[in-house]
Amino acid sequence: MSDTSGDLSQPKSAPDDRAINGPFDVSEANAVRPYVDLGGVKIVPREGLHLRLEVEEGTKRVVAVGLDYAGSTLQVQPFAAPRSAGLWHEIRAQIADQIRRQGGTTREAAGPFGPELLAEIPVVAGPGQAPTTRLARFIGVDGPRWFLRGVIAGEGAVNPEAAGAIEDLFRSVVVVRGSTPMPPRDLIPLHVPAQAAGPSVGTPLSGV
């Protein structure tokens with residue numbers, strides 16, 4: 001894994017083969033491959049993949065893309081980033097702190113994309129129900145002028161054999177940073193795909 005940057009205080013964190021095997025910048029993506037265009041990211045359709053767009057209630061803004069695949073869920077969010085420095089090292093520490101404040105626990109591990117957080121997060125219990133927790137993996141990759149965050153839950157967070165399928169899905173994501181100036185950490189705008197009438201839950205994205 002490479003952690004190199006012009007700014008030694010915030011080095012980039014990404015697999016050494018990111019430009020070849022993903023996650024990809026739009027300039028690196030296969031131009032003839034079919035994609036579902038969601039604005040800041042493009043997703044490759046595949047059999048058994050379902051898309052969920054997460055919408056902010058007040059603004060109706062799409063704030064995350066949820067992907068259900070092979071018994072796992074993957075949430076992805078693309079953010080603007082500096083050209084030469086990374087965001088993942090700082091953001092990872094902030095996520096760990098936030099989970100601890102919620103009463104959860106985290107530990108750092110070396111994963112296929114570099115450092116990742118393994119988290120046990122409290123789940124609000126209903127009346128008469130015992131408190132429970134859910135397991136999640138927080139992964140991140142610093143690309144050229146963007147940062148892609150992923151959260152893996154379900155089988156991919158607990159089963160090494162199932163993890164490969166959801167990790168391959170994260171690898172296939174294409175980030176479209178665009179040329180509009182944006183402050184680092186701003187969410188790169190996401191939108192509903194052109195073929196959809198509006199944000200939907202469980203939209204299948206089988207192979208085209």
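## A walk through the predicted fold

Setting aside neighbours within four places in sequence, Ala 109 touches Gly 114, Pro 115, Glu 116 and Leu 118, where contact means heavy atoms within 4.5 Å. Ala 109 sits in strand E7 (residues 105-111).

A word on the ground rules. This is a predicted model in which local features need pLDDT of at least 70 and side-chain atom pairs count only at pLDDT 80 or more, while totals for chains, interfaces and linings use all residues. Residues are numbered from 1 along each chain as its sequence is written, and side-chain values use heavy atoms, with hydrogens and water left out.

The mean pLDDT (the predictor's confidence in each residue, from 0 to 100) is 88, and 89% of the residues reach 70 or more. Residues 1-8 fall below 50, with 27 contacts in the model beyond near neighbours in sequence. Residues 196-208 are also below 50, and that stretch has 34 such contacts.

**Strands and their pairing**

Helices (H or I, at least four residues) and strands (E, at least two) are DSSP runs, numbered from the N terminus. Two strands pair if DSSP finds at least two bridges between them.

| Strands | Sense | Bridges |
|---|---|---|
| E6 and E10 | antiparallel | nine bridges |
| E9 and E10 | antiparallel | eight bridges |
| E1 and E11 | parallel | two bridges |

Eight of its nine residues are buried, so E10 is largely enclosed by the rest of the structure; buried means under 20% relative accessible area with a 1.4 Å probe, protein chains only. Within E10, Trp 146 stands opposite Ala 80, and Phe 147 is the bridge partner of Asp 142. E9 and E10 form a hairpin with two residues between them, and Arg 145 in that turn has a positive phi of about 70 degrees.

Elsewhere, an open sheet of four strands runs in the order E1-E11-E3-E2 with mixed pairing. Strands E1 (24-25) and E2 (36-37) are at its edges with a single partner strand each, so one side of each has no neighbour in the sheet. Val 175 in E11 is the bridge partner of Asp 25.

**Inside the fold**

A nonpolar core is a set of buried Ala, Val, Leu, Ile, Met, Phe, Trp, Tyr and Cys residues joined through side-chain atoms within 4.5 Å. The largest one has 27 residues, and those with the most contacts inside it include Leu 38, Val 41, Leu 74 and Phe 170. E5 gives the largest share, four residues. Apart from this core lies another of 17 residues, among them Trp 88 and Ala 119.

Leu 74 links several of these pieces: beyond its neighbours within four places in sequence, its contacts include Val 65, Leu 67, Ile 152, Ile 166, Leu 169 and Phe 170.

**Helix H4**

H4 (residues 160-171) has 12 residues and reaches 16 Å from its first C-alpha to its last, close to the 16 Å expected at 1.5 Å a residue; the expected span is 1.5 Å times one less than the number of residues. Its buried residues include Ala 162, Ile 166, Leu 169 and Phe 170. At the N-terminal end, Asn 159 caps the helix, with a side-chain oxygen 2.9 Å from the backbone nitrogen of Glu 161.

Technical notes: Buried means under 20% relative accessible area, exposed over 50%, partly exposed in between (1.4 Å probe, protein chains only). A polar contact is a pair of N or O atoms within 3.5 Å; within protein, one must be able to donate a hydrogen and the other to accept it, and residues adjacent in sequence count only if both atoms are side-chain atoms.
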